[in-house]
Amino acid sequence: MKAKFYKVSFEQFAAYGDEEIYRNIALPRRATAHSAGYDFFAPYDIVLQAGETTTVATGIRAYMPEDWCLLIFPRSGLGFKYRLKLNNTVGVIDSDYFGAENEGHIFVRMTNEGDKLLHVKRGQAFCQGIFLRYMLTEDDDATETRSGGLGSTTV
């Protein structure tokens, strides 16, 4: 079984953009046959002054096998040129997030830590996701199930 990207429903996205923006959301894809990461594309223009932070509603959700996760990173070029950083350093999307109350809507919170304006145009790749299969310890005993959305498993 493989992973697959989907859009969240328009109802889930409506608070962040109109129907035109929603219709034009592109599913993540790899740029080359040997790329590890799937590029996420800006659903709308993102303008960040130096030191400014924003949260991007991608409109995307990811289905994956239960022993996989999706790691989210800034695009290398944006990190190098603008010091673009994700506020949680690396986004970790668990497989059970797909079934969350918010449909597994992936949000990216980022800060321009550089000293110049960063303008990501709608449709431009701004972050990337890498699927990773993980393993469990032999004495793992986690039995809880996800009941909420983003940050719901935080103690």
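Predicted model: local features only at pLDDT ≥ 70, side-chain atom pairs only at ≥ 80, totals over all residues.
Colleague: In which segment does E138 lie?

Modeller: Residues are numbered from 1 along each chain as its sequence is written, and side-chain values use heavy atoms, with hydrogens and water left out. Helices (H or I, at least four residues) and strands (E, at least two) are DSSP runs, numbered from the N terminus. On that basis, E138 lies in the segment after β11 (125-133).

Colleague: Is E138 buried or exposed?

Modeller: Buried means under 20% relative accessible area, exposed over 50%, and partly exposed in between (1.4 Å probe, protein chains only). The relative accessible area of E138 is 85%, so E138 is exposed.

Colleague: Which residues form the negative surface patch?

Modeller: A patch is made of residues with over 30% relative accessible area and no salt bridge, like charges being joined within 9 Å and nonpolar side chains (Val, Leu, Ile, Met, Phe, Trp, Tyr) within 5 Å. A salt bridge is a side-chain nitrogen of Lys or Arg within 4 Å of a carboxyl oxygen of Asp or Glu. The residues that form the negative patch are E138, D139, D140 and D141.

Colleague: What is the phi of T89?

Modeller: Most residues other than glycine have a negative phi. T89 lies in the loop between β7 (84-86) and β8 (91-94), and T89 is exposed, with a relative accessible area of 62%. Although T89 is not a glycine, its phi is positive, at about 70 degrees.

Colleague: Where is E103 found?

Modeller: E103 is not a glycine, yet it has a positive phi of about 65 degrees. With 21% relative accessibility, E103 counts as partly exposed. Its place is the loop between β8 and β9 (107-112).

Colleague: How many disulfides does the count come to?

Modeller: A disulfide is a pair of cysteine sulfur atoms within 2.5 Å. By this rule the count comes to zero. C69 is in no disulfide, and the nearest cysteine sulfur, that of C127, is 15 Å away. C69 is buried at 8% relative accessible area and C127 is buried at 1%, and the number of disulfides is zero.

Colleague: How far apart in space are Q12 and G123, C-alpha to C-alpha?

Modeller: Q12 is in helix α1 (residues 10-13) and is partly exposed, with a relative accessible area of 22%. Q12 and G123 are 111 residues apart in sequence, and their C-alpha to C-alpha separation in space is 20 Å.

Definitions and conventions. Areas by Shrake-Rupley, 256 points an atom, 1.4 Å probe, with all protein chains shown as cover. Lys, Arg positive; Asp, Glu negative; His and termini not counted. Charge placed at Lys NZ, Arg CZ, Asp CG, Glu CD.
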